[in-house]
Amino acid sequence: MALRHAVLAAMLDGEFTGYQLAKIFDVGVSNFWYASPQQLYTELAKLEKARMISGRQVVQLDRPNKRVFTVTGAGLDELAAFAATASKPLSIRDDLAVKVQAVDHLDPSPVLAQLDERVAEATAKLALFEQGMRRLRGDLDEEEFLRSAERIGPYLTYLAGCRLEREMRDWCLSTAALLRSRTAGHPEEDR
C-alpha cells in the first residue's frame, strides 16, 4: 500500500483541507497508517498533479485563503485497482517488543517505564477511536448502524483500531505486572 491509497480513502467523505486531512489521520487513519503533516501535503500535491484529486481555492475574509481537495473519478479508479490487488500479510515492527525480548539481560526499569507509557498511549487512542465510533453511529446502536448505514468502512477500521489498542494495552499491563513481580523477588545485585 502506498500513502496515496490511505489519503484517497480518508478523503472519500467530502472536501478537505490539508489541515483537516492531518486531523483525520491523527484520529482515524493512524491505526493502520502513519503519516506526518508534511508527508500528507506532499502527497496531496502529487495526487493533484496526477488528477486523482482536484483542489480549489476558498477565499476567506477574516482568515487566510485555504485550499480544499476532493477525490476525482481517477482517484476512485486508483482505489478500485488497489482494492483488487492482493493484500500483504500484517507485519509488525515494534521496538518495545524487541526491548521486552531482551529484558532478561537488561535493567528492566526503562522497559517497565516504556510499557507504562504505551498503556497510556493505547488508552488515549482507544478513547479517540471510541469517540469516533460514537460520532459515526449517532443515536444508533452498533448492530443497527452496521446493518443500515450508508458507509461503514471508517467504522470498521475504528473497530480494528479499538481491538488492536485494547490488545496492546492488555499485553503491556500483563507484561509489566509479570516483570515487576519477577524483579521484586530478584533484587538488582542478584542479577
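Buried means under 20% relative accessible area, exposed over 50%, and partly exposed in between (1.4 Å probe, protein chains only). The model is predicted: local features need pLDDT of at least 70, side-chain atom pairs count only at pLDDT 80 or more, and totals for chains, interfaces and linings use all residues. Residues are numbered from 1 along each chain as its sequence is written, and side-chain values use heavy atoms, with hydrogens and water left out.

**Exercise 1.** Find the buried residues of H8 and what they pack against.

Solution. Step one: helices are DSSP runs (H or I, at least four residues), numbered from the N terminus. Step two: the buried residues of H8 are Tyr155, Tyr158, Leu159, Gly161, Cys162, Glu165, Cys172, Thr175, Ala176 and Leu179. Step three: they pack against H2 (18–27), H5, H6 and H7 (142–148), with contact meaning heavy atoms within 4.5 Å.

**Exercise 2.** Check the span of H8 (residues 153–184).

Solution. The expected span is 1.5 Å times one less than the number of residues. For the 32 residues of H8 that gives 46 Å. The end C-alpha atoms are 46 Å apart, so the two agree.

**Exercise 3.** Describe which residues of H5 and H6 meet.

Solution. From H5 (residues 95–102) come Asp95, Leu96, Lys99 and Val100. From H6 (residues 108–137) come Val111, Gln114, Leu115 and Arg118. These residues divide into four nonpolar, one polar and three charged.

**Exercise 4.** Is Gln60 buried or exposed?

Solution. Gln60 sits in the loop between strands E1 (53–58) and E2 (66–71); strands are DSSP runs (E, at least two residues). Its relative accessibility is 18%, so Gln60 counts as buried.

How values were computed:
Axes fitted to C-alpha atoms, helices over the stretch in contact; angles between N-to-C directions. Nonpolar A, V, L, I, M, F, W, Y, C, P; charged D, E, K, R; others polar.
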